[in-house]
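The entries below follow the order in which I went through it.

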Amino acid sequence: MGLLREILVGGWSLIAGMGVTVKRLFRPVITLQYPRYKVTMFDNFRGHIELKRGPNGDGQLCVACGTCVRECPSKLILVQGMKDHVKDHKRPTHYVIDFTRCSLCGLCVDACPTGALTFSKEFELASLSRWDGVIDLVARFEERA
């Protein structure tokens, strides 16, 4: 009796699975043929971290305070900064982060007192070298300026 019951239960699960397949067979295809067609990212997509521009589109907002360095659970961020003049704000000279080990938890973005960090919309970050994932955000910011 046990063998017959197992055969019936297995047959029923096969029929149920095929029912799901048949239902999906006649729905429109939602697969995007990447890279032929580009993906538009949603507003809440969390790509890698990057520095924000100021409210008028001028320089960066980072003051190299090191709060993001202390908040990072993986200890992947290195920030070095300096002042041009005594009364000026401190500005970062290097903001290096290792994205090969970053979990994109967002603690650095949340902890930033000036709101200088944000998530990018980039998602094509594959590379052949591990060192391509170690990025200086200040250098990237200046390249895009």
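I began with charges over rings, taking a charge to sit over a ring if NZ of Lys or CZ of Arg is within 6 Å of the ring centre and within 35 degrees of the ring normal. Arg53 lies over the face of Phe141, at 4.4 Å from the ring centre, and the charged end of Arg130 is placed over the ring of Trp131, 4.4 Å from its centre.

I noted the basis of these values: the model is predicted, local features need pLDDT of at least 70, side-chain atom pairs count only at pLDDT 80 or more, and totals for chains, interfaces and linings use all residues. Residues are numbered from 1 along each chain as its sequence is written, and side-chain values use heavy atoms, with hydrogens and water left out.

I then looked for aromatic pairs, meaning rings of Phe, Tyr and Trp (its six-membered ring) with centres within 6.5 Å, where planes under 30 degrees apart count as stacked, over 60 as edge-to-face and the rest as tilted. The count comes to one aromatic pair. The ring centres of Tyr34 and Phe123 are 6.2 Å apart and the planes stand at 55°, so this pair is tilted. Tyr34 lies in the loop between helix 1 (2-25) and strand 1 (49-51) and Phe123 in the loop between strand 4 (117-119) and strand 5 (134-136), so the pair ties together parts that are 89 residues apart in sequence; here helices (H or I, at least four residues) and strands (E, at least two) are DSSP runs, numbered from the N terminus.

For burial I used relative accessible area, with buried under 20%, exposed over 50% and partly exposed in between (1.4 Å probe, protein chains only). Tyr34 has 41% relative accessibility and counts as partly exposed, as does Phe123 at 33%. Thr67, by contrast, is buried at 18%; this residue belongs to helix 2 (residues 67-71). Leaving aside neighbours within four places in sequence, Thr67 is in contact (heavy atoms within 4.5 Å) with Ala111 and Pro113.

I finished with the strands, which pair if DSSP finds at least two bridges between them. An open sheet of three strands has the order 2-3-5, with antiparallel pairing. Strand 2 and strand 5 stand at the edges with a single partner strand each, so one side of each is left without a neighbour in the sheet. Strand 2 is joined to strand 3 by six bridges, and the two run antiparallel; the bridge partner of Leu78 in strand 3 is Val96.
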